Amino acid sequence: MDDGMSVSASKTPMSGSDADTNDEGVVNIGRRNFIGKSGLAAASAAVGMTIPFGQNLREGWVPAAQAQTVEGIGGKDGLTILGDRPLNAETPAHLLDDEFTPTKRHFIRNNGIPPEEVDPNTWTLTVDGLVDKPLKLTIADLKNNFEVVEYALQLECGGNGRSFFDPPARGNQWSIGAIACSRWKGVRYADVLKAAGVKSNVVYTAHEGADTHLSGNPDKLPISRGVPIKKAMDSFNLIAFEQNGTALHPMNGAPLRLVVPGWPGSCSQKWLTRIHLRDVVHDGPKMTGSSYRVPAYPVAPGQKVPKEDMVIIESMPVKSLITRPKTELETSDKTLEVGGHAWAGDRKVTALHVSTDFGATWKEADLKDPVNPFAWQNWSAKVSFPQAGYYEVWARATDDTGVTQPFAIAWNPKGYLNNSMHRIAVRVT
Amino acid sequence: MRFKLRQTITPIALICIMFAPFTAKSDPVATEFAANVMQDWQIPKEPGHEEVEAYCGACHSLRIVIQQGLDRASWDELLVWMVEEQDMPELEHEERKLILDYLATHLGPDHRP
């Protein structure tokens with residue numbers, strides 16, 4: 001085998017190849033041919049990641065840097081990488097302490113492969129379906145024809161907290177870091193819909209983006225979700241082109257995305273290319289089956305739930321995070337300032353309590369109002385420890401309907417909506 | 001379509017492992033990321049691992065496979081979903097059994113990282 005790479009045969013020889021088949025059915029691919037699908041699969045598996053232009057690889061190829069995936073996370077700082085293909089990364093709690101999440105600390109969620117062509121000068125957004133007047137808009141059109149606003153808006157992945165499920169739930173194993181609250185600038189989603197003219201029979205929106213499916217099939221969208229038209233018309237949803245005062249990061253949806261805060265992050269389509277209005281509940285990829293759905297009734301851990309009993313997640317539940325100090329703090333002080341953020345989907349957080357005795361007693365924290373609806377709320381508290389030893393600080397937020405965070409997880413098959421309390425460890429010496 | 005991979009993994013793997021780290025960019029996140037790949041994202045080299053690497057790894061990182069920790073019934077459902085919704089090629093009976101056995105045995109609830 002002196003040419004270095006041979007690929008085992010499928011029943012049909014590759015078209016256009018100089019293929020030879022020996023007695024064992026092994027096909028030697030000639031020098032000017034590609035390494036073939038199974039060779040690419042093997043190579044991808046061996047390096048543990050995608051080879052994005054793998055279909056261009058030729059025999060005798062020596063890999064250079066995996067530039068596509070590695071460069072894509074330039075401009076990010078300190079994220080914990082859950083997976084490289086698709087690229088998913090979350091933020092450790094102590095790196096989320098900023099009042100507004102810097103772009104470099106915003107979590108990354110990919111369902112497919114992000115697009116390469118993301119020129120803001122040529123990008124277009126189509127608004128069609130059940131509208132009076134379909135629109136095709138450039139980013140310049142959006143800026144020139146609609147009021148540009150900037151809001152601090154929370155985005156949380158529906159599966160944030162999935163890693164704690166027992167038994168395990170399938171999907172990305174986020175711990176606590178798929179949450180952020182950046183300053184987003186754009187035009188109101190509602191204003192653009194009004195300009196197109198929403199027909200009276202519209203029930204749901206349907207969103208599409210320019211990311212491509214992992215399988216490489218160009219006709220398959222990796223994700224296309226939407227929201228009920230009532231949620232879409234909320235005045236705080238944005239079609240955004242700036243994050244924290246600069247252009248969007250390629251991993252956060254550049255050059256244009258939706259920000260629909262308070263609902264699972266998947267409602268906020270990245271690399272946004274199209275919005276269309278429908279008279280039925282949207283049924284695009286990751287709208288159906290059990291994606292972003294929970295059982296219509298409480299279930300036991302591990303219980304099998306029929307698909308017809310799964311309902312679409314709407315508002316995210318009340319939750320909080322301790323962002324200072326970093327967990328595993330060692331201190332000789334008997335008092336400690338703790339702080340973090342709290343949020344409650346469509347609702348407002350009205351109280352935040354902390355405990356240092358595993359929930360036996362609670363102390364109210366100083367909780368600030370959000371800077372605008374759908375921003376997270378900052379809180380701080382001073383706690384004291386009676387003696388040296390190991391402690392945990394727990395945080396518990398309560399929303400404006402009186403609902404607070406649970407002590408344990410409400411198990412569901414796909415691992416969504418874990419809003420159980422965040423805890424950090426402190427060793428007082 | 002069936003793939004027999006045993007003869008192809010080793011030479012390709014050697015070439016890739018040799019050259020990948022030398023050309024990583026100097027971004028510290030990226031460098032750490034590239035360095036971690038070789039250590040953390042390998043699955044146990046037990047019978048069936050090559051098929052899992054090929055069928056699962058063709059589209060997405062093995063890391064998410066390692067992280068799932070599902071029971072057998074859930075892995076079975078997941079394989080159905082992959083074929084029905086995610087364009088994975090239909091698996092022949094023997095190969096499907098090999099893959100499902102592997103996932104249930106080596107990547108079950110007791111094996112989560």
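In this predicted model, Y391(A) sits across from V426(A), a residue of strand β26 in chain A. Strands here are DSSP runs of E with at least two residues, helices are runs of H or I with at least four, and both are numbered from the N terminus. The two strands involved, β25 (residues 389-399) and β26 (residues 422-428) of chain A, run antiparallel and are joined by seven bridges; two strands count as paired if DSSP finds at least two bridges between them. Zooming out, β25 and β26 belong to an open sheet of five strands in chain A, ordered β19-β26-β25-β21-β22, with mixed pairing. At the edges lie β19 (329-331) and β22 (363-364) of chain A, each of which pairs on one side only. Strands of a sheet pair through backbone hydrogen bonds, either parallel or antiparallel.

Over in chain B, helix α5 (residues 72-85) and helix α6 (residues 93-106) have axes that come within 9 Å and cross at roughly 135°. That angle makes α5(B) oblique to α6(B). Axes are lines fitted to C-alpha atoms, for helices over the stretch in contact, with angles running from 0 to 180 degrees between N-to-C directions. Angles under 35 degrees count as roughly parallel, over 145 as roughly antiparallel, 65 to 115 as roughly perpendicular, and the rest as oblique. On the α5(B) side, R72(B), W75(B), D76(B), L79(B) and V80(B) meet R96(B), I99(B), L100(B), D101(B), L103(B) and A104(B) of α6(B), where contact means heavy atoms within 4.5 Å. Sorted by class, this contact has seven nonpolar, no polar and four charged residues (Ala, Val, Leu, Ile, Met, Phe, Trp, Tyr, Cys and Pro are nonpolar; Asp, Glu, Lys and Arg charged; the others, Gly among them, polar).

Helix α6 of chain B also holds H106(B). Leaving aside residues up to four places away in sequence, H106(B) touches P44(B), E46(B) and H111(B).

As for confidence, the predictor gives the complex an ipTM of 0.73 and a pTM of 0.80. Chain B has a mean pLDDT of 72, and 64% of its residues reach 70 or more; pLDDT is the predictor's confidence in each residue, from 0 to 100. Where pLDDT is low, the predicted coordinates should not be read in detail.

Residues are numbered from 1 along each chain as its sequence is written, and chains are lettered from A and ligands numbered from 1 in the order in which they are written. Local features need pLDDT of at least 70, side-chain atom pairs count only at pLDDT 80 or more, and totals for chains, interfaces and linings use all residues, while side-chain values use heavy atoms, with hydrogens and water left out.
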